[in-house]
Amino acid sequence: MDTALKMPRHVAIILDGNGRWAKAKGMPRNYGHVQGAKTVEIICEEAYKMGINYLTVYAFSTENWNRPKDEVDALMKLLRNYMKTCLKTAEKNRMCVRIIGDKSGLDQDIQKRIFELEEATKNNDGLRFQIALNYGGRDEIVRAARKIAADVYDNRLNIEDIKENTIAEYLDTYNIPEPDLLIRTCNEQRISNFLLWQLAYTEFYFTEAAWPDFTKEELLKAVAAYNNRERRYGKC
């Protein structure tokens, strides 16, 4: 860990550029996704060594279903394999894994693997690692609103008791601190429906590096930029 830098407690990353990275090398897009998955494993380990407590990655959005079917199928196959790899990594590094997003929209076998992964790692005391799958910020807020409405209807919640923290408790990220730093790779400068509620006071960092080329050094650059920001959370 670089003791000269103050580490953000929670870093969120939008993993961008896998397909373009592969195309630039004359390879199919799926090759980029495979390499990107390997980069996730590396960054999880490096982030924890640096002193970052929470890491959330945007792996598959609700909009990604609109990609060509062969690419979506390949991503789902990669996801199935990654669940196994992630479990082994979590056992080795004491990593606690949590999936956020609408899991009901995934195939039953993937849902089963997610449940097994979350159950097997829930008591681990290492990096808190969140993977956003079939996730969209607007969809998350809609799902939260429906759950709140249902609880009001069933007299489990009073309308006058609904506060900001109440809404946060109904989101996928309940009990997870809001991100201090958001990183997006491949020089894209938008949040693409990611953590819309949670990013209200987050610092943003954009890098030209495509995700498969993202390294510990790139992560340190992002943290260094974060250290140069004055965080006020809307206060003087």
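Predicted model: local features only at pLDDT ≥ 70, side-chain atom pairs only at ≥ 80, totals over all residues.

Biologist: At roughly what angle do the axes of H2 and H3 cross?

Modeller: Two packed helices are described by the angle between their axes and the distance between the axes. Axes are lines fitted to C-alpha atoms, for helices over the stretch in contact, with angles from 0 to 180 degrees between N-to-C directions. Helices (H or I, at least four residues) and strands (E, at least two) are DSSP runs, numbered from the N terminus. Here the axes of H2 (residues 29–50) and H3 (residues 69–93) cross at roughly 20 degrees and come within 10 Å. H2 is therefore roughly parallel to H3, a label for angles under 35 degrees.

Biologist: Which residues of H2 meet H3?

Modeller: Contact means heavy atoms within 4.5 Å. On the H2 side, the residues include His 33, Val 34, Ala 37 and Val 40, and they meet H3 residues including Leu 75, Leu 78 and Tyr 82. The contact residues divide into 8 nonpolar, 4 polar and 4 charged; Ala, Val, Leu, Ile, Met, Phe, Trp, Tyr, Cys and Pro count as nonpolar, Asp, Glu, Lys and Arg as charged, and the others, Gly among them, as polar.

Biologist: How many residues does the largest nonpolar core have?

Modeller: In soluble globular proteins, nonpolar side chains tend to be buried together. A nonpolar core is a set of buried Ala, Val, Leu, Ile, Met, Phe, Trp, Tyr and Cys residues joined through side-chain atoms within 4.5 Å. Buried means under 20% relative accessible area (1.4 Å probe, protein chains only). The largest core has 45 residues, and Ile 13, Leu 55 and Phe 129 are among those with the most contacts inside it. H3 gives the most to this core, with 9 residues. A second, separate core has 10 residues, including Leu 182 and Phe 194.

Biologist: Are Thr 39 and Asn 193 buried or exposed?

Modeller: Thr 39, in H2, is buried at a relative accessible area of 5%. Beyond four places in sequence, Thr 39 touches Trp 211, Pro 212 and Phe 214. Asn 193 lies in the loop between S5 (181–184) and S6 (203–206) and is buried at 15%.

Note on methods
Residues numbered from 1 in each chain as written. Heavy atoms only, no water. Parallel < 35°, antiparallel > 145°, perpendicular 65-115°, else oblique. Buried < 20%, exposed > 50% of the residue type's maximum accessible area, 1.4 Å probe, protein only.
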